[in-house]
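Dear colleague,

Please find below the structure that I am handing over to you.

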Amino acid sequence: MKTWQEMGFQREITRDGSLTLKTEGTSSEAMHHSGGALEETLFIYGEPLREIFSLLPKARIFSLGLGLGYVEFVTAAQAILAGKDFEIVTMESVEPLSQVLKAFLRGDLSDGEIKSDLENVLGGVSEKTGVSKDLLFQELGRALNEGRWDIRGAFGEDSVPEGRFHGIMYDAFSSKTSPLLWTEEFLSNFWGACANEDSLVSTYACTGNLKRSLKKSGFQLDARSGFQGKRSATLGRRGIFISPRDS
Ligand SMILES: C[S@@+](CC[C@H](N)C(=O)[O-])C[C@H]1O[C@@H](n2cnc3c(N)ncnc32)[C@H](O)[C@@H]1O
């Protein structure tokens, strides 16, 4: 496949010049804020990832929703900048998205719109983080080959990953599109099973269910503004990520 349309997506450029996708159809949700796919990723997930790699020698990251892989490229960039190791488990329900990103990193993607767009995602993250495109490409490709980056299928009640994570980048579609993923019970069970004692949970969303589930699981919540006009985002801190001043 060479175009997003052949995969059933509509391609849109966000205000920062980066790219987002939408499933074709009127009721579908865009993967990113129209103000900037890359800027939003850096704002919501970049800083927590930087913090994680500054404190831990090796971090295990969970990323919900591969989309265009912005979160994964930013994870690799922050790990490289800190000189640290990482493992990522990504869950993505649309299998062709996982396939094209894997093919891209293996150098197997044929020329066309998709390849050129993924090169732009890579270039954008490289430019904003100061990590060279070659290094980012090699590092994520190596993580994939070595099994340190595992891209799995749909996330849900029966597919919670094993083990615990230091960073949970919860970038699911909203509760309107994916109601189960935002119920208090589902979230509480997930933090209970998969969040490390020392962990950060970051998401663009800020709902009552989310905040209650995090607090009940022992997370302290940062007051955090949302990206470009969204009311607020959420960052939950537990263990070593709670500053002693605030505990
Ligand atoms: C907001 S976008 C994620 C954007 C992505 N983090 C990035 O860096 O480009 C949400 C993604 O979640 C995927 N998705 C929707 N429901 C899912 C589920 N139950 N499990 C895993 N992925 C899901 C969608 O296909 C979409 O790619």
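I begin with helix H3, whose buried residues are covered by elements that include H4 and H5. Here, contact means that the C-beta atoms of two residues, placed from the backbone, lie within 7 Å. Helices (H or I, at least four residues) and strands (E, at least two) are DSSP runs, numbered from the N terminus.

Please note that this is a predicted model, in which local features need pLDDT of at least 70, side-chain atom pairs count only at pLDDT 80 or more, and totals for chains, interfaces and linings use all residues. Residues are numbered from 1 along each chain as its sequence is written.

The buried residues of H3 are Leu97, Val100, Leu101, Phe104 and Leu105. They cover an arc of only 130° around the axis, which places them on the same side of H3. A residue is buried if 20 or more other C-beta atoms lie within 10 Å of its own, exposed if 12 or fewer, and partly exposed in between, with C-beta atoms placed from the backbone. The arc is that of the directions from the helix axis to the C-beta atoms. After H3 comes Gly107, which has a positive phi near 75°.

Helix H4 (residues 113–129) has 17 residues and spans 24 Å from its first C-alpha to its last, close to the 24 Å expected at 1.5 Å a residue. That expected span is 1.5 Å times one less than the number of residues. In H4, the buried residues are Ile114, Asp117, Leu118, Val121, Leu122, Gly124 and Val125. Because their arc around the axis is only 155°, they lie on the same side of H4. The face turned away from this buried side carries the exposed residues Ser116 and Glu127. Among the elements covering the buried residues of H4 are strand S2 (19–23) and helix H1 (37–55). Just after H4, Gly130 takes a positive phi of about 80°.

Strand S9 (residues 234–238) has 5 of its 5 residues buried, so it is largely enclosed by the rest of the structure. Thr234, Gly236 and Arg238 are buried on one side, and Leu235 and Arg237 on the other. S9 runs antiparallel to strand S7 (residues 195–203), joined by 5 bridges; two strands pair if DSSP finds at least two bridges between them. Strand S8 (residues 220–222) also pairs with S9 in the antiparallel sense, over 3 bridges. Opposite Gly236 in S9 stands Leu221.

Yours sincerely
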